[in-house]
There are 2 protein chains.
Amino acid sequence: MEQKATNIYWHEGDVKKSDRERVNGHKGVCLWFTGLSGSGKSTLAVEVQNQLFERGARTYILDGDNIRHGLNKDLGFTPDDRVENIRRIGEVSKLFVDAGMIVTTAFISPYRADRDKVRDLHEEGAFVEVHVSADLEVCEERDPKGLYKKARSGEIPNFTGISAPYEAPEKAELVVVTSNATVEESTAEVIAYLEKAGYLSASNDA
Amino acid sequence: MEQKATNIYWHEGDVKKSDRERVNGHKGVCLWFTGLSGSGKSTLAVEVQNQLFERGARTYILDGDNIRHGLNKDLGFTPDDRVENIRRIGEVSKLFVDAGMIVTTAFISPYRADRDKVRDLHEEGAFVEVHVSADLEVCEERDPKGLYKKARSGEIPNFTGISAPYEAPEKAELVVVTSNATVEESTAEVIAYLEKAGYLSASNDA
């Protein structure tokens, strides 16, 4: 019996998110990493991306490096500006999801209300909140950028965990405790979640 | 002779733009469409995307629908807000280029200075200014959203081409004249440019 002609680039009408997901072989999704400074958000985001890329996934990371000096360079650290910072990152993450990509964001994003607003922006299932969790003492000991030291001395005011609150997620899809884990172990937890929840195949029935 | 093992997902260190471009089989680039309302920017962007998708390219379109009601919903139409509108779109287009995608923007973007700032944001060669050009009379006759009618009656103030200037590009990489062309013809012009300029292969020596 002859096989039917197949063309993975076939699309009905204009290109839609579902077309991109089919071609990419996975869903478009936002992995929203939240946690204290030094909890390992960026390190984990990079290693998750490395592994997803090796599996052929289309991925991108939004972090301080490409956002604070670009899109959000007009924003400071007032309460209003912090809210607007997260709002814009949320809106951009939505565009990447619509483009069929796995986009990871690596920002402290300490306030529950701000994160919940981003969740509400996204379609059901397209927002995965990942609490990258480490004890404050561990984070302060790691202190990769010397920020805790400056926060303790008062040089940096309103520093999350020291002089400003961190509101831990109450309904995170995933909690990754990094205090006593290797990067490899934490990465495996994220990948395992994505597999189990069906994000690494293009459709729910695949 | 045995063939060497190849793995297109191999990457040295963390995933970079060049890794994504290699896997995607084309360069990351911003196609910045500029032109009067009714010149055909959105129609052309959609058809270019359809054809690029069919060739396996990773593409996305930024337009009024996904930007004005999302990222830029806090902006109005004051001079400052118009500048900020284009700045943010430029910054987001840069993120998509870094993600290895062909991102097309479809905004009137009437001011040369604003477009030149976006050009300066991008790496050399990653910004392709496309003047989607049609005579004002043609655009006004098309008037797909009835905006020219409202502009003529004074209902919409500061309307580009009627009561506000349109500064045509002086150094656009491509001018597509749509006044007497079919969408297919205009689309072919854009695709031919991308091919000729080497954007549709992953590296210059490919």
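## Symmetry of the two chains

Chain B is superposed on chain A by a rotation of 180 degrees with 0.0 Å of shift along its axis, at an RMSD of 0.0 Å (least squares on the C-alpha atoms of residues with pLDDT of at least 70 in both copies). That is the relation of a two-fold axis, and in chain B the C-alpha nearest the axis, 3.7 Å from it, belongs to B:Val92.

This is a predicted model, in which local features need pLDDT of at least 70 and side-chain atom pairs count only at pLDDT 80 or more, while totals for chains, interfaces and linings use all residues. Residues are numbered from 1 along each chain as its sequence is written, and chains are lettered from A and ligands numbered from 1 in the order in which they are written.

## The interface

In the interface, 24 residues of chain B are in contact with 24 residues of chain A (C-beta atoms, placed from the backbone, within 7 Å). H4(B) gives the largest share of the side of chain B that touches chain A, 6 residues, and this side has 10 nonpolar, 6 polar and 8 charged residues (Ala, Val, Leu, Ile, Met, Phe, Trp, Tyr, Cys and Pro count as nonpolar, Asp, Glu, Lys and Arg as charged, and the others, Gly among them, as polar).

## Helix packing in chain A

Helix H4 (residues 79-98) and helix H5 (residues 112-121) of chain A pack at an angle of about 25 degrees, with their axes 9 Å apart (lines fitted to C-alpha atoms over the stretch in contact, with angles from 0 to 180 degrees between N-to-C directions; helices are DSSP runs of H or I, at least four residues, numbered from the N terminus). H4(A) and H5(A) are therefore roughly parallel to each other (angles under 35 degrees).

Terms used. Helix = DSSP H or I, 4+ residues; strand = E, 2+ residues; numbered from the N terminus. Parallel < 35°, antiparallel > 145°, perpendicular 65-115°, else oblique. Contact = placed C-beta atoms within 7 Å.
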